[in-house]
Amino acid sequence: MTVMSLTFNDRVAVVTGAGRGIGRVIAEMLAGHGVTVVCVSKSAESCGQAAEAIRGSGGKAVSLPVDVSDGEAVARASEEILKEHARVDILVNNAGITKDGMMLRMKDGDWQDVLSTNLSSCFYWTKGLSGPMARARWGRIVNITSVIGLMGNAGQVNYSSAKAGMIGFTKSIARELASRSVTCNAVAPGFIQTDMTAAVDEEVSKQILTRIPLKKFGKPEDVAHMVGFLCSEEANYITGQVFTVDGGMVM
Ligand code: NDP
């Protein structure tokens, strides 16, 4: 009888935005499968606490504060990580921000910040870490996009552009690295209960709920399960895809 299981073979992973929310649960879940996780976030405190919690439950994790929107900082961090761990097998580009506003009133800085934190960061990290994956003929890259990248949203032109860009990025990287058995996929969460969505007005939350067929908001675990699967050995024949985890919002 064939039983479904997830295999990770002592892999090393970098998870960005691992200090809180979805990224933190992804980091915990990978560590729970024996993966050594480098937890990256903007503040040293946030990724430090995440890594400490993982070590406290018997997992292997270190923390590294890096501003993912800064290309030079990411290049330096990638070198440091590769020196320390010899290889990185899994990269989860999860760090992200929103700076909402209607397009006509949006400041250039709010456009740039959201584009560089959500989208350019994927380019910086993938450039920094995928070479050794290609040489090892094994790798997993998972980019956390959003249903907003598929649907668009009034008041989020910067965020939806960045998240849609991540989908194009995912498909191109999947094609570039496929011959080296490095897969690249995207996960598009719907409305997930984290700090990012905590600020959403109660009336707006109620309206969003009416558009979710499963009639509930998602939890970080719901996203992390999909990411975990895509990072496992078992997902070896899946690349260039976008998986929505959204209670049926986008069909
Ligand atoms: P949170 O706001 O809860 O956490 C964001 C994480 O990203 C934090 O750890 C934060 O670091 C880190 N981060 C932000 N900016 C930077 C930066 N410049 N450099 C390094 N790290 C940074 O977000 P969520 O967990 O809700 O979201 C995670 C991802 O999922 C994002 O890409 C988001 O766009 C996407 N997503 C979320 C949805 C939701 O409903 N929550 C829906 C769809 C997509 P620090 O802890 O130091 O502040």
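## Salt bridges

There are 7 salt bridges in this structure, which is a predicted model. Within it, the side chains of Asp 89 and Arg 11 meet at 3.7 Å, N to O. Asp 89 lies in the loop between H3 and E4 and Arg 11 in the segment before E1, so this pair ties together parts that are 78 residues apart in sequence. Both Asp 89 and Arg 11 are buried.

Arg 11 also meets Glu 233, with 3.3 Å from N to O. Here the link runs from the segment before E1 to the loop between helix H9 (220–231) and strand E7 (242–245), and the two residues are 222 residues apart. Arg 11 counts as buried because its relative accessibility is 12%, under the 20% cut-off. Glu 233, at 24%, counts as partly exposed.

For a local pair, look at helix H8 (residues 202–210), where Glu 203 and Lys 206 are 3 residues apart, or about one helical turn. Their side chains form a salt bridge of 3.7 Å, N to O. Glu 203 is partly exposed at 47% relative accessible area, and Lys 206 is partly exposed at 48%.

In soluble globular proteins, nonpolar side chains tend to be buried together. The largest nonpolar core in this model has 39 residues, and the members that touch the most others are Val 14, Val 40, Val 66, Val 88, Trp 125 and Ile 141. Among the elements that each supply at least two residues of this core are strands E1 (12–16), E2 (36–41) and E6 (182–189), along with helices H3 (71–85) and H4 (108–136). A second, separate core has 31 residues, including Ala 18, Val 25, Ile 26 and Ala 61.

Val 182, in strand E6, is buried with a relative accessible area of 1%. Apart from neighbours within four places in sequence, its contacts include Met 133, Trp 138, Ile 141, Leu 177 and Thr 239. Glu 79, by contrast, is 103 residues from Val 182 in sequence and 19 Å from it in space, C-alpha to C-alpha.

## Helix H2

Helix H2 (residues 44–56) has 13 residues, and at 1.5 Å a residue it should span 18 Å; the end C-alpha atoms are 18 Å apart, which agrees. Its buried residues are Ser 46, Cys 47, Gly 48, Ala 50, Ala 51 and Ile 54. Among the elements covering them are helix H1 (21–32), E2 and strand E3 (60–65). Just after H2, Gly 58 takes a positive phi of about 90°.

## At the surface

Met 103, Leu 104, Trp 111 and Val 157 make a nonpolar surface patch of about 430 Å². Met 103 is found in the loop between strand E4 (90–93) and H4, and it is exposed, with a relative accessible area of 55%.

Two residues other than glycine have a positive phi. Asp 10, in the segment before E1, has a phi near 55° and is exposed at 55% relative accessible area. Ala 86, in the loop between H3 and E4, has a phi of about 70° and is exposed at 65%.

Technical notes:
Residues are numbered from 1 along each chain as its sequence is written. This is a predicted model: local features need pLDDT of at least 70, side-chain atom pairs count only at pLDDT 80 or more; totals for chains, interfaces and linings use all residues. Side-chain values use heavy atoms; hydrogens and water are left out. A nonpolar core is a set of buried Ala, Val, Leu, Ile, Met, Phe, Trp, Tyr and Cys residues joined through side-chain atoms within 4.5 Å. Buried means under 20% relative accessible area, exposed over 50%, partly exposed in between (1.4 Å probe, protein chains only). Helices (H or I, at least four residues) and strands (E, at least two) are DSSP runs, numbered from the N terminus. Patches are made of residues with over 30% relative accessible area and no salt bridge: like charges are joined within 9 Å, nonpolar side chains (Val, Leu, Ile, Met, Phe, Trp, Tyr) within 5 Å. Accessible areas come from the Shrake-Rupley method with a 1.4 Å probe; for residues, only the protein chains shown count as cover. A salt bridge is a side-chain nitrogen of Lys or Arg within 4 Å of a carboxyl oxygen of Asp or Glu. The expected span of a helix is 1.5 Å times one less than its number of residues. Contact means heavy atoms within 4.5 Å.
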